[in-house]
Number of protein chains: 2
Amino acid sequence: MKQNTTKYAILGLLTIEPLSGYDIKKMIKNSLAYFWSESNGQLYPTLNQLTKDNWIVLLDNAATSKKPSNCYAITDLGRQELQKWMRREEEKSVHRDENLLKLFFGSNISKEETILRLKKRKLKLIENLKKYREIANKLEKESHSSQSIYWILTANYGISSARAAISWYQKSILILEKAKI
Amino acid sequence: MKQNTTKYAILGLLTIEPLSGYDIKKMIKNSLAYFWSESNGQLYPTLNQLTKDNWIVLLDNAATSKKPSNCYAITDLGRQELQKWMRREEEKSVHRDENLLKLFFGSNISKEETILRLKKRKLKLIENLKKYREIANKLEKESHSSQSIYWILTANYGISSARAAISWYQKSILILEKAKI
DNA sequence: CAGTGCATGTAACAAGTTACATGATTCC
DNA sequence: GGAATCATGTAACTTGTTACATGCACTG
C-alpha cells in the first residue's frame, strides 16, 4: 500500500497552528530540514487535495489581510486521520544513501579522490551539526508547550546522528590514508 | 537535473563481477541492505536500458547453462559513466524520515503510545546492528581484494550509525518516561 | 526603482513501488 | 508431488522533482 507522507507532514504541522503553504515551507526549512523536505510541486496540490477531502479547511481571512496568503486549519476529520497514521507501524524505511553507495564502489576511482570526497562531506556535516545545535538551543529556551519535548528530542536525534557520522568520517579518512592501495 | 541512481548501483555491482538480475537483487539484500534497495520493477527495465545504451552487455552463456539466467557484464563505456558519476558531487541527499516525523508530532497521541513505538524501533535497530556486525565480520575475514577496504568502511558506517541511534532511543525513552505530560 | 522576500501555483517529467504473471529447478 | 527458491519480467500506479510563471510588498 502506498501512502502519501506529504499529507501527514502537512496535517501534523497544522496541529500546531493554522498555516499558509508558504508558512509550511518555511517551518520545514527552519525546523525539520534535517529529517524532512517538501517541494512546491508536491505541497500546493496536496493542500488542495486535503481541502477537497475535508481534512483541512481554508480559513476566510480575506477580511483581515490583503495578502494572497491562504491560511489552512486542520479539521476534526484531519486530526483523526493524522492519529490513524501516527499509530500505524509500517517500518518500511527505504534506505538509499548515495554517498555510501559511492564509497562502496570506491575502488573504481583513486583513493585520494575518495578521501577528498569524505573530507568535504565531513565539513558539511560539521556545519549541519552547528545548525542542529542552534535549533536545539532555541527550542530549549522557548520550551513552553507540551509539544516542545518532542521537538527537542528530534533535534537531539539530528545532533547525535551527525556526531556519530562525523566521527565515522574521521576514522575512515585515517584508515584510508594509512592503507596501501 | 534528475539522475537514475539505480543505473549506477547496477554498474557498480557489475564492476565486481558479471551478474544476473537475480544476483544483483541478492547482493543488495545481503550486503547493501542497510543503505540501498531496489525493486524488481526498477531493476529489470534498467538492465534493458543499460544494455541498449551499451553500458553493459548480456553475456552469451547459453552454451554453458540451460538456466534462464541473464548474466551481464559492464562495458568500457559503462566504466567511464560510473566514474563520471562517482566524481560528481551533488550532495542532494533528500532526508525523509517518517519515524522522526511521527515523533515530532508526538503530542497528537499519548506519551505511552510514543514510548511503545520507540521501544519497538529500538529493538529493531538492535537486531539490525547484529546483522551489520555479521556482515562486517564476514568482510574482515574474507578481506583479500583492494575493494574490501571500502566494503568494510561502509559496514562500519552501518554499525556506528545504528549504535548512535540505539543510544539516542534509550535516552529519549528515559526522558519521556520521566516527563510529566 | 531594483532587489529581495513573500506567496501561490502548474506542466512535464522522472523515479520508484506494488502486485501480478510466468515458468523452471531443487529439495524434502 | 508439493514447497521453496530460482529467475525474469510488466502494467498500473503513486510519488516526487524540476523548472518555470506570476505578481505583490517592502526596503534601501
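Around DNA strand C sit 23 residues, and A:K2, A:Y22, A:N70, A:R96 and B:Q3 come nearest; being near here means having a heavy atom within 4 Å of the strand. The model is a predicted one, where local features need pLDDT of at least 70, side-chain atom pairs count only at pLDDT 80 or more, and totals for chains, interfaces and linings use all residues. Residues are numbered from 1 along each chain as its sequence is written, chains are lettered from A in the order in which they are written, and side-chain values use heavy atoms, with hydrogens and water left out.

Sorted by class, this surface holds five nonpolar, 13 polar and five charged residues. (Ala, Val, Leu, Ile, Met, Phe, Trp, Tyr, Cys and Pro count as nonpolar, Asp, Glu, Lys and Arg as charged, and the others, Gly among them, as polar.) Helices 2 (21–32) and 3 (40–52) of chain A, plus helices 1 (5–14) and 3 (40–52) of chain B, each bring at least two residues to it; helices are DSSP runs of H or I with at least four residues, numbered from the N terminus.

For A:N70, a polar backbone atom is 2.7 Å from a phosphate oxygen, while for B:S39 a side-chain N or O atom is 2.8 Å from one.

Note on methods
A polar contact is a pair of N or O atoms within 3.5 Å; within protein, one must be able to donate a hydrogen and the other to accept it, and residues adjacent in sequence count only if both atoms are side-chain atoms.
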